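User: Hi! I'm new to protein structures and would like to learn how to read one. Could you walk me through a helix and a pocket?

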Amino acid sequence: MTTIDRRTFIETSIGAMGAAVLAARPAMADSITKVGMQLYTVRTELEKDFDGTLAKVAAIGYKEVEFAGYFGRTPQQVKAALQKHGLSAPSAHIDYPTVSDAGKWATALDAAKVIGHEYLVNAWVDEALRNQPDFWKRAAGTYNIAGRAAAAHGIQFCYHNHNFEFYPRQDAGGQLPMDVLLETCDPKLVKIEMDLCWIAAAGKDPVAYFRKYPGRFPLVHVKGLRRVPPASADPTPIAEVLPEITDVGHDDVIDWKRIFAGAKLAGIAHYFVEHDVPKDAFASLKASYEYVSRLRF
């Protein structure tokens with residue numbers, strides 16, 4: 001055997017042995033290494049003690065927070081508070097009147113850059129507005145404009161769902177509003193923060209959306225649901241769903257392992273735990289954190 005042949009033989013043998021070891025070893029499960037939370041969960045506490053509430057959130061173990069209002073603080077004050085407690089804020093929620101007004105939107109984008117947000121999310125549209133004829137088609141145009149301005153600031157614009165986006169609209173040719181947005185908006189300018197509880201409450205499968213629109217869901221909201229409302233032609237009123245929200249993984253019908261197994265396909269980069277109506281906000285955040293941080297999928 002020549003020197004070259006011997007070397008080739010050894011390298012090939014080692015490669016084969018390595019492949020055999022890898023094949024025999026079970027695949028490593030994925031996990032969420034940086035768990036975030038939506039500060040709407042502690043809105044009452046933030047109103048009373050902004051700095052102390054952030055400290056308690058960080059003490060639980062959360063590394064990222066998503067804002068839903070700044071409680072009278074300037075962007076500089078918000079940034080300083082985050083730094084003090086070792087937190088980052090990749091995202092914030094913004095109302096539709098701000099998104100749809102060029103001047104207000106520019107101000108929001110400037111503030112976001114100071115704080116360090118990477119995403120700004122339209123989280124809610126008032127019922128009177130969204131029930132107007134052809135609203136969702138018009139909203140798609142508004143979001144494209146907002147997304148273009150955000151991109152110029154280095155920020156990604158997103159839309160956050162509830163349950164009503166997953167029911168057909170006659171003024172949209174029987175399409176679901178969520179589908180109107182995903183198919184009409186520029187996929188680079190407008191992405192979706194999928195609220196995994198609210199889509200479950202509408203009886204829809206988030207994984208099916210991940211497969212149909214891969215890479216469109218960089219943010220998700222993570223909160224438990226005790227019961228899926230009965231199927232109906234119209235959305236179950238928000239007020240009727242809220243009592244069914246629970247801590248993640250506690251008396252919870254959502255299959256989190258299955259959903260998070262599709263995280264790479266979906267493009268999920270940030271996970272925000274939330275509870276809209278907790279009896280004890282910090283106890284809820286702790287219970288959900290312990291479940292989500294230990295979950296393997």
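**Reading a helix and a pocket**

Analyst: Happy to! Keep in mind that this is a predicted model. The largest pocket draws on β3 (88-94), α5 (96-99) and α6 (102-115), each of which supplies at least two residues of the lining.

User: Which of the elements gives the most to that lining?

Analyst: That is α6, with three residues. In total, 30 residues line the largest pocket, and A68, H93, I94, A123 and W124 lie nearest its centre. The space inside is about 550 Å³.

User: What classes of residue make up the lining of the largest pocket?

Analyst: There are 17 nonpolar, six polar and seven charged residues. You can read the second largest pocket likewise: its volume is about 280 Å³, and its lining has nine nonpolar, three polar and four charged residues. E127, R130, N131, F164 and P235 lie nearest the centre of that second pocket.

User: Now the helix. Which residues of α4 are buried?

Analyst: First, the general idea: an α-helix has 3.6 residues a turn, so residues three or four places apart point the same way. In α4 (residues 75-84), the buried residues are V78, A81 and L82. Looking down the axis of α4, you find them within an arc of 100°, so they line one face of the helix.

User: What do the buried residues of α4 pack against?

Analyst: They pack against α3 (50-60), β2 (64-67), β3 and α6. On the other side of α4, Q83 and K84 are exposed.

Technical notes: Residues numbered from 1 in each chain as written. Predicted model: local features only at pLDDT ≥ 70, side-chain atom pairs only at ≥ 80, totals over all residues. Heavy atoms only, no water. 1 Å grid on protein atoms, 1.4 Å probe; cavity = no way out; pocket = protein on both sides within 12 Å on 5 of 7 lines; lining within 4 Å. Points joined across faces, edges and corners; volume = space filled by probe spheres on them. Helix = DSSP H or I, 4+ residues; strand = E, 2+ residues; numbered from the N terminus. Nonpolar A, V, L, I, M, F, W, Y, C, P; charged D, E, K, R; others polar. Buried < 20%, exposed > 50% of the residue type's maximum accessible area, 1.4 Å probe, protein only. Arc of directions from axis to C-beta. Contact = heavy atoms within 4.5 Å.
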